[in-house]
Amino acid sequence: MSKTALLILSEGAEEMEAVISADVLRRAGVKVTIAGLQGANPIKCSRDIVIVPDTGIQEAAKQTYDAVILPGGLKGAENLAQSDIVKNILQSQEKNGRLIAAICAAPIALKSHSIGTGKQITSHPCKQGDLSTGEYTYVEKRVAVDEHLITSRGPGTAFEFALAIVKYFFGKEKAASLINPMLINTEIE
């Protein structure tokens, strides 16, 4: 059974987290839709790399997805945290028991929209103080998985983050099968 994922990209997003996540998931056979929060126009990311989304968020929000993925980048994460459409998508995702995955600074959007409260999460160290205020159990793991919520720390953990999503969908063997062809120096927990 094929899986689908919505990756929400905003101005100021961390491009490595977005591209690595989309790429690894596509290698695993997941149909990934990259939706621009500001529409379908090219998006300037945190390191001035421009990415052209597949569609705008308004169009993408008409469908449901097996996973919703939020890349970090401080400005990008702040935009996600302030967006009503992101709030609606995440609330529907959570209500229906579908996967939500956020990396780096993006877990601040989870907090802003009251998503995953009571769960174990991690984030970029610069956001630990914002997320250690009682709504969550904060852990300093490279990737934290708690039921239908996956969080991770930053650009250096992007492959592990994406592989955790693959494992969630297809199991450890499928995730492990992607490691050697990409020459990744990691193991699947």
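## The central strands

In β7, the bridge partner of Ile-69 is Ala-101. Strands here are DSSP runs of E with at least two residues, helices are runs of H or I with at least four residues, and both are numbered from the N terminus. The model is predicted: local features need pLDDT of at least 70 and side-chain atom pairs count only at pLDDT 80 or more, while totals for chains, interfaces and linings use all residues. Residues are numbered from 1 along each chain as its sequence is written, and side-chain values use heavy atoms, with hydrogens and water left out.

Strands β6 and β7 run parallel and are joined by 4 bridges; two strands count as paired if DSSP finds at least two bridges between them. Strand β11 (residues 149-152) runs parallel to β7, with 4 bridges between them.

Because 5 of the 5 residues of β7 are buried, this strand is largely enclosed by the rest of the structure. Buried means under 20% relative accessible area, exposed means over 50%, and partly exposed lies in between, with a 1.4 Å probe and protein chains only. In a regular strand the side chains alternate between the two faces of the sheet. In β7, Leu-99, Ala-101 and Ile-103 point one way, whereas Ile-100 and Ala-102 point the other way.

## Strand β1 and its partners

Strand β1 (residues 4-9) is mostly covered, with 5 of its 6 residues buried. It pairs in the parallel sense with β2 (residues 31-36) over 6 bridges, and Leu-6 stands opposite Thr-33 there. The chain passes from β1 through α1 to β2 in a right-handed β-α-β crossover: with the strands pointing away from the viewer, the path from the first strand over the helix to the second runs clockwise.

Strand β1 also runs parallel to β6 (residues 67-70), to which 3 bridges join it. In that pairing, Leu-6 stands opposite Val-68.

The 13 residues of α1 (residues 15-27) should span 18 Å, and the end C-alpha atoms are 18 Å apart, which agrees. The expected span is 1.5 Å times one less than the number of residues. Just after α1, Gly-29 takes a positive phi of about 95°.

Helix α7 has 13 residues and reaches 18 Å from its first C-alpha to its last, close to the 18 Å expected. Its buried residues include Phe-161, Ile-165 and Phe-169. Gly-171, which follows α7, has a positive phi near 100°.

## The nonpolar core

The largest nonpolar core has 38 residues, and those with the most contacts inside it are Leu-9 and Ile-165. Such a core is a set of buried Ala, Val, Leu, Ile, Met, Phe, Trp, Tyr and Cys residues joined through side-chain atoms within 4.5 Å. Among the elements that each supply at least two residues are β1, α1, β7 (99-103) and α9 (179-182). The largest share, 8 residues, comes from α7.

## The cysteines

The model contains 0 disulfides, a disulfide being a pair of cysteine sulfur atoms within 2.5 Å. The sulfur of Cys-104 is 6.5 Å from the closest cysteine sulfur, in Cys-126, which is too far for a bond. Cys-104 is buried, with a relative accessible area of 9%.
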